[in-house]
Amino acid sequence: MWLILLIVGVIAMIFGPIMMLQPNSSQRRQEKLRSHALTTGFRVAMRPLSKAVKGLEVGTMIPVYTFLQQRDAEKFGGWFLQRSDYAHESHLLDYWEWQDRIKAGAEDLQWLTRILPEVPGSVVAIAASAQGIHWYWMESGGEDTLAKLKALSQGLPS
């Protein structure tokens with residue numbers, strides 16, 4: 001009897017930690033979404049938030065989906081908008097707060113005014129650079145939301 005218990009205990013000690021290293025269903029779903037993003041023209045990275053938003057603290061690492069689109073760096077400077085928890089007259093369309101002194105130029109501003117009402121609530125920030133458009137996205141909504149972000153990205157002036 002003791003021998004059987006010892007064998008079961010040893011097997012549990014060997015396989016227990018191995019099973020804990022396996023990804024859970026949420027991690028598998030996340031990996032599938034990120035792999036799909038790579039095949040549809042996005043690059044995915046983790047970056048920190050520069051301001052607290054939607055219950056997330058400053059410095060919280062969040063997935064950033066960058067739709068790669070080469071832009072003229074001299075014509076289109078970089079800008080960064082973060083969704084605010086409150087409306088204010090200095091914000092773009094009430095809830096989008098500029099995070100740097102650099103604001104979007106006329107063409108980008110026109111594009112933002114058109115797309116911001118359509119941006120899913122799970123997007124907490126948007127930035128632009130010479131590489132393309134960066135979506136700070138909480139990854140809710142899956143591939144449907146990813147397709148929407150791609151469609152919105154394709155109108156970005158280059």
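Visitor: What share of the 158 residues in the chain is made up of buried residues?

Guide: In this predicted model, buried residues make up 37% of the 158 residues. A residue is placed in that class when its relative accessible area is under 20%.

Visitor: How do you know how the chain compares with a compact globule?

Guide: For 158 residues, a compact globule would have a radius of gyration near 15 Å, whereas this chain has 21 Å. Along the principal axes, the C-alpha atoms fill a box of roughly 80 × 35 × 25 Å.

Visitor: What makes up the secondary structure of the chain, and in which order?

Guide: The chain has four helices and six strands. Along the sequence they follow the pattern α-α-β-β-β-β-α-β-β-α. Among the contacts with a separation of 6 or more, 59% are between residues 24 or more positions apart.

Visitor: What can be said of the surface and of the charges?

Guide: The accessible surface comes to about 9600 Å², and carbon and sulfur atoms hold 59% of that area. The chain has 16 positive and 15 negative charges, and their mean positions are 5 Å apart.

Visitor: Why is Trp137 called buried?

Guide: Its relative accessibility is 0%, and the class requires a value under 20%, so Trp137 is buried. Trp137 belongs to strand E6. Beyond its neighbours within four places in sequence, its contacts include Leu33, Ile62, Pro63 and Tyr65, and also Leu146 and Leu149.

Visitor: What makes the pair Trp137 and Ser122 a polar contact?

Guide: The side chains of the two residues are joined at 2.9 Å, and the cut-off asks for N or O atoms within 3.5 Å, so the pair qualifies. Val123 is also in contact with Trp137. The C-alpha atoms of Trp137 and Val123 are 4.3 Å apart, although 14 residues separate them in sequence.

Visitor: What makes the phi of Glu139 worth a remark?

Guide: Most residues other than glycine have a negative phi. Glu139 has a positive value, near 65°, and is not a glycine. Its place is in the loop between strand E6 (132-137) and helix H4 (142-153).

Visitor: Which class of accessibility does Glu139 fall into, buried or exposed?

Guide: The relative accessible area of Glu139 is 6%, which is under 20%, so Glu139 is buried.

Visitor: How do you know the class of Glu97?

Guide: Glu97 has a relative accessible area of 18%; the limit is under 20%, and Glu97 is therefore buried. This residue lies in strand E4. Glu97 touches, among others, Lys51, Tyr86 and His91.

Visitor: Why is Ala104 called buried?

Guide: Its relative accessibility of 11% is under 20%, and Ala104 is buried on that ground. Ala104 lies in the loop between strand E4 (96-98) and helix H3 (106-115). With neighbours within four places left aside, Trp79, Trp98, Leu109 and Leu112 are in contact with Ala104. From Ala104 to Gly77 the C-alpha distance is 7.3 Å, over 27 residues of sequence.

Visitor: Why does Gln69 count as buried?

Guide: Gln69 has 15% relative accessibility, and a value under 20% defines the class, so Gln69 counts as buried. Gln69 is in the loop between strand E2 (61-68) and strand E3 (79-83). Apart from residues up to four places away, it touches Ala130, Gln131, Gly132, Ser153, Leu156, Pro157 and Ser158.

Visitor: Which backbone oxygen does the side chain of Gln69 reach?

Guide: The side chain of Gln69 reaches the backbone oxygen of Leu156, at 2.9 Å. A polar contact needs a distance within 3.5 Å, so the value meets the cut-off.

Note on methods:
Residues numbered from 1 in each chain as written. Predicted model: local features only at pLDDT ≥ 70, side-chain atom pairs only at ≥ 80, totals over all residues. Heavy atoms only, no water. Helix = DSSP H or I, 4+ residues; strand = E, 2+ residues; numbered from the N terminus. Rg over C-alpha atoms; globule rule 2.2 N^0.38 Å. Buried < 20%, exposed > 50% of the residue type's maximum accessible area, 1.4 Å probe, protein only. Contact = heavy atoms within 4.5 Å. Areas by Shrake-Rupley, 256 points an atom, 1.4 Å probe, with all protein chains shown as cover. Lys, Arg positive; Asp, Glu negative; His and termini not counted. Charge placed at Lys NZ, Arg CZ, Asp CG, Glu CD. Polar contact = N/O pair within 3.5 Å; in protein donor to acceptor, adjacent residues only side chain to side chain.
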